[in-house]
Amino acid sequence: MVDLMQMERQRRRVLWALSALHPGDLGQSCEHLLALITTSIHPSGHEIVDEQSIPSPWRERFAQASIGSTRLAAGPYLSDPQKFVDDWEAEMIHLRDHQNAMKPC
C-alpha cells in the first residue's frame, strides 16, 4: 500500500515543478526540434546527435525520457529524438483527452 504521506510529497514535487512553467508549455509541439538538431556520422556508420544542439528545456526533457536507452559515448542515435518527438505528441494528445474528460458537462 502506498503511504499517503509519500503520495502527498510526490504531489507537492510535481506542483512545484509545474509552477516554473507557463500554461501551455507542456502542450506545445516539438516537431520543430528535428530541424534544429545537428548530427554527425559515427565511424560505425550511425547518425549521432549533438545533444548541445537540442534547445533547452527540450534537451532536459529528452535526457529524462532517454534514461536507460542504448547510445554511443559520442551521443544518442538520431532515431532517439525522432522517437521522443513521436512519443511526446502522443503523450500530449493523451493528456488533452484527460483534461477534456475532466471538464464539467
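By class, how many nonpolar, polar and charged residues does the lining of the largest cavity have? The views below take this up after a word on conventions. This is a predicted model, in which local features need pLDDT of at least 70, side-chain atom pairs count only at pLDDT 80 or more, and totals for chains, interfaces and linings use all residues. Residues are numbered from 1 along each chain as its sequence is written, and side-chain values use heavy atoms, with hydrogens and water left out.

**View 1. The largest cavity and its lining.** About 30 Å³ of space lies here, in a set of points on a 1 Å grid over the protein atoms alone where a 1.4 Å probe fits but cannot get out. Points are joined across faces, edges and corners, and the volume is the space filled by probe spheres set on them. The lining residues (an atom within 4 Å of a point) are Leu33, Leu34, Ile37, Ile54, Phe62, Pro81, Phe84 and Val85. To settle the opening question, eight are nonpolar, none polar and none charged (Ala, Val, Leu, Ile, Met, Phe, Trp, Tyr, Cys and Pro count as nonpolar, Asp, Glu, Lys and Arg as charged, and the others, Gly among them, as polar). Helix 4 gives the largest share, three residues.

**View 2. Helix 3 against helix 4.** The axes of helix 3 (residues 58-65) and helix 4 (residues 79-102) come within 11 Å and cross at roughly 95°. Axes are lines fitted to C-alpha atoms over the stretch in contact, with angles from 0 to 180 degrees between N-to-C directions; helices are DSSP runs (H or I, at least four residues) numbered from the N terminus. The two helices are therefore roughly perpendicular (65 to 115 degrees). Trp58, Arg61, Phe62 and Ala65 of helix 3 meet Asp80, Pro81, Phe84 and Trp88 of helix 4, where contact means heavy atoms within 4.5 Å.

**View 3. The ring pair of Trp58 and Phe84.** The count comes to four aromatic pairs, with ring centres within 6.5 Å and the six-membered ring used for Trp. Trp58 and Phe84 have ring centres 6.3 Å apart and planes at 75°, so this pair is edge-to-face (planes over 60 degrees apart). Trp58 lies in helix 3 and Phe84 in helix 4, so the pair ties together parts 26 residues apart in sequence.

**View 4. The second largest pocket.** This pocket (an open set with protein on both sides within 12 Å along at least five of seven lines) holds about 230 Å³ of space. Its lining includes Arg61, Gln64, Ser69, Lys83 and Glu91. Helix 4 supplies the largest share, six residues.

How values were computed. Parallel < 35°, antiparallel > 145°, perpendicular 65-115°, else oblique. Phe/Tyr/Trp six-rings, centres within 6.5 Å; stacked < 30°, edge-to-face > 60°.
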